[in-house]
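Here is a short walk through a structure. Keep the 3D view open and follow along.

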2 protein chains.
Amino acid sequence: MTRTQERTATWSPRRARAHFRAGASAPTAGWSRGHTQANLIAVPADWAYETLLFCQRNPKPCPVLDVTDAGSWTTVLAPGADLRTDLPRYRVWEHGELTDEPTDVLGHWRGDLVSFLIGCSFTFEWALAGAGVPLRHIDQNKNVPMYVTTRACRPAGRLHGPLVVSMRPVPPDAVGAAIRESALMPAVHGSPVYLGDPGALGIADLDSPDFGDRVDRAPDDIPVFWACGVTPQAAVMASRPPFAITHAPGHMFITDTRDAQHRVT
Amino acid sequence: MTRTQERTATWSPRRARAHFRAGASAPTAGWSRGHTQANLIAVPADWAYETLLFCQRNPKPCPVLDVTDAGSWTTVLAPGADLRTDLPRYRVWEHGELTDEPTDVLGHWRGDLVSFLIGCSFTFEWALAGAGVPLRHIDQNKNVPMYVTTRACRPAGRLHGPLVVSMRPVPPDAVGAAIRESALMPAVHGSPVYLGDPGALGIADLDSPDFGDRVDRAPDDIPVFWACGVTPQAAVMASRPPFAITHAPGHMFITDTRDAQHRVT
């Protein structure tokens, strides 16, 4: 870990959110150790049922941690937080097209927006590290690499799209621990969806991720793929709702809840 | 186990559903060993979002296994099944009042009904038995006892109501296994919500359950309480939607899916 990483790993969620609220921006991998990070997708109320149903039908990429009332920017996951300002970077979507990537969405907010906070695989990274699984992207000070796959999610009404995955290169002797530790946290994507040949998921080149950063692999590392909370963004791109706000990939909402709360035993 | 229990434990889900479709009725505890049973709640489409949100906000009592499209009586959990006929007994509700308790709902069905199939604690009973936890209600050929508690669920729009729990008396030396085995199946209620003094949940008398049967306890048994899929019925009673159809407590929908699929490791 770099000195910067060591520092932000010890920041409280409240301090990290205040930092981002003041306009700072950075990928949040490794921030606020032990606290749960979340993906954001906010849609107009008349798309909320299909979004929630899409999440229910695709629980591995879309484990829902909280849903707000329409127009509300507060969440039980972080009392005092403001969902419009406290993420490091947002994406604004109109009819499936990315129209802005600001550090707050005060000027884009609407009274009919329902926000979904969705579990993030960063949550189980500390458990992986604790079990001896090296985290290559953290060691290399990178965002985790993410890929759009050729696997379709189960649609819900007007919402459809491909599965998005995150990838971590894991040494063979650590694959068991990586599977076990993540499986025990089903509310934050759970066990991997696939490991090995990226071609089976329709990924042409591991060195060209669709989101996040390219990460160096050791020669015998096995690529391990987890379902990713960017999947709802891919559904927004594919399904073209009139309006949506999401986080920017890797730029998560840091909640006050503890990773350990998501562990089933 | 009685001979009847041994027999129905070996029936395929398809055979059990055909039996109920033909008009038979019985509590399904112990039926179709290894196959997942589900609670049913069907509500008009304009109550579907609040029902799904109620489930998301109360995942321990209401783990959603499938949601149908409006009017549909089929489910991915059991291809070929008919949700209107294949449960052993139903309850029909108008404005929160129980108006009928038939063995099919062909005459009550509506084109705007959205059906929710919710995980059932019967699913983890085989795992408990396999880990040496005695199942008193099965041994005594009873339905599991269920109780309305004084704990409120987190409301969702117009839907609110109390937590309902099932109770199994567990010998002290088996409590660890009971907690661990059920925790590994979060999609079917997961770990217990409470154990010990029933008064803490507002249960006045363990021998007078609100649903199901009274079960004999050994002197040193500890009452262990799991969140129960009858909770949505209690929400129907409390929140009074104009119309709803549910299963009768303990009279579950037997799906084709395997209990093992719900185990996280």
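Predicted model: local features only at pLDDT ≥ 70, side-chain atom pairs only at ≥ 80, totals over all residues.

Pro169(A) sits in strand S7 of chain A, which covers residues 162-170. Thr85(A) is 84 residues from Pro169(A) in sequence, and the C-alpha atoms of the two are separated by 33 Å.

Next, a pair of helices. In chain A, helix H4 spans residues 122-130 and helix H6 spans residues 175-183. Their axes lie 9 Å apart, and the helices pack at an angle of about 135°. H4(A) is therefore oblique to H6(A). The crossing is right-handed. Which residues meet there? From H4(A) come Phe124(A), Ala127(A) and Leu128(A). From H6(A) come Ala178(A), Glu181(A) and Ser182(A). By type, the residues of this contact are four nonpolar, one polar and one charged.

Finally, step back to the two chains. Chain A superposes on chain B by a rotation of 180°, with 0.0 Å of shift along the axis and an RMSD of 0.0 Å. The two copies are thus related as by a two-fold rotation axis. Where does chain A come nearest to that axis, judged by C-alpha atoms? At Tyr49(A), whose C-alpha is 2.6 Å from the axis. Both copies use the same surface: 100% of the contact residues of chain A recur in chain B.

How values were computed. Residues numbered from 1 in each chain as written. Chains lettered and ligands numbered in written order. Axes fitted to C-alpha atoms, helices over the stretch in contact; angles between N-to-C directions. Helix = DSSP H or I, 4+ residues; strand = E, 2+ residues; numbered from the N terminus. Parallel < 35°, antiparallel > 145°, perpendicular 65-115°, else oblique. Left-handed = near helix turned anticlockwise from the far one by under 90°. Contact = placed C-beta atoms within 7 Å. Nonpolar A, V, L, I, M, F, W, Y, C, P; charged D, E, K, R; others polar. Least-squares fit on C-alpha atoms with pLDDT ≥ 70 in both.
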